[in-house]
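Biologist: I am new to this structure and would like to go through it by question and answer. Please show it to me before we start.

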Amino acid sequence: MQENQCPKCQSELRWQKEGYHCDFCQIDFKKVAYCPDCNKEMEKLNACGAASYFCHDCNELKSKSRAKTEFSEIAIS
Ligand SMILES: [Zn+2]
Ligand SMILES: [Zn+2]
């Protein structure tokens, strides 16, 4: 299973400076992590070289392995 898959065409996304890009759809995506407990968007923290997530609703850190990640389209203005 591919880890970084375009939600629209299922091809592999290409990493660019600030996000992911689908060459086929010409769309930019960002990876958004959701809290496993309350389903709110979490803030990504980079501590000690390991990424973890902080949920402002639960007010606690969540491990990366429990986070639900999803690709969200970045609207080009
Ligand atoms: Zn695509
Ligand atoms: Zn939460």
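Biologist: What percentage of the residues in the chain is buried?

Modeller: This is a predicted model, in which local features need pLDDT of at least 70, side-chain atom pairs count only at pLDDT 80 or more, and totals for chains, interfaces and linings use all residues. Residues are numbered from 1 along each chain as its sequence is written, chains are lettered from A and ligands numbered from 1 in the order in which they are written, and side-chain values use heavy atoms, with hydrogens and water left out. Buried means under 20% relative accessible area, exposed over 50%, and partly exposed in between (1.4 Å probe, protein chains only). Of the 77 residues in the chain, the buried share is 29%.

Biologist: How many helices and strands does the chain have?

Modeller: Helices (H or I, at least four residues) and strands (E, at least two) are DSSP runs, numbered from the N terminus. The order of elements from the N terminus is β-β-β-β-β-β-β. The count is 0 helices and 7 strands.

Biologist: Which residues coordinate the zinc ion (ligand 1)?

Modeller: Donors are N, O and S atoms within 2.8 Å of the metal (3.2 Å for Na, K and Ca); water is not among the atoms, so sites may look incomplete. The donor residues of this zinc ion (ligand 1) follow the spacing C-x2-C-x12-C-x2-C. Their SG atoms sit at 2.2 to 2.3 Å, and the residues are C6, C9, C22 and C25.

Biologist: What is the arrangement of the 4 donor atoms around the zinc ion (ligand 2)?

Modeller: The coordinating atoms are the SG atoms of C35, C38, C55 and C58, at 2.2 to 2.3 Å. Four donors count as tetrahedral if all angles lie between 85 and 135 degrees; four count as square planar and six as octahedral if opposite donors are over 155 degrees apart and all others between 65 and 115; anything else is irregular. Because the angles around the zinc ion (ligand 2) are 101 to 116°, the arrangement is tetrahedral.

Biologist: How many residues apart in sequence are the parts that C35 and C55 tie together?

Modeller: The donor residues of the zinc ion (ligand 2) are spaced C-x2-C-x16-C-x2-C. C35 lies in the loop between β3 (27–34) and β4 (43–47), and C55 lies in strand β5 (residues 50–55), so the pair ties together parts whose separation in sequence is 20 residues.

Biologist: How many disulfides does the structure hold?

Modeller: A disulfide is a pair of cysteine sulfur atoms within 2.5 Å. By that cut-off the number is 0.

Biologist: Which element gives the most to the lining of the largest pocket?

Modeller: On a 1 Å grid over the protein atoms alone, a cavity is a set of points where a 1.4 Å probe fits but cannot get out, and a pocket is an open set with protein on both sides within 12 Å along at least five of seven lines; lining residues have an atom within 4 Å of a point. The largest pocket holds about 410 Å³ of space, and β2 (19–22), β3, β4 and β5 each give two or more residues to its lining. With 4 residues, the element that gives the most is β3.

Key: Grid points are joined across faces, edges and corners, and a volume is the space filled by probe spheres set on the points.
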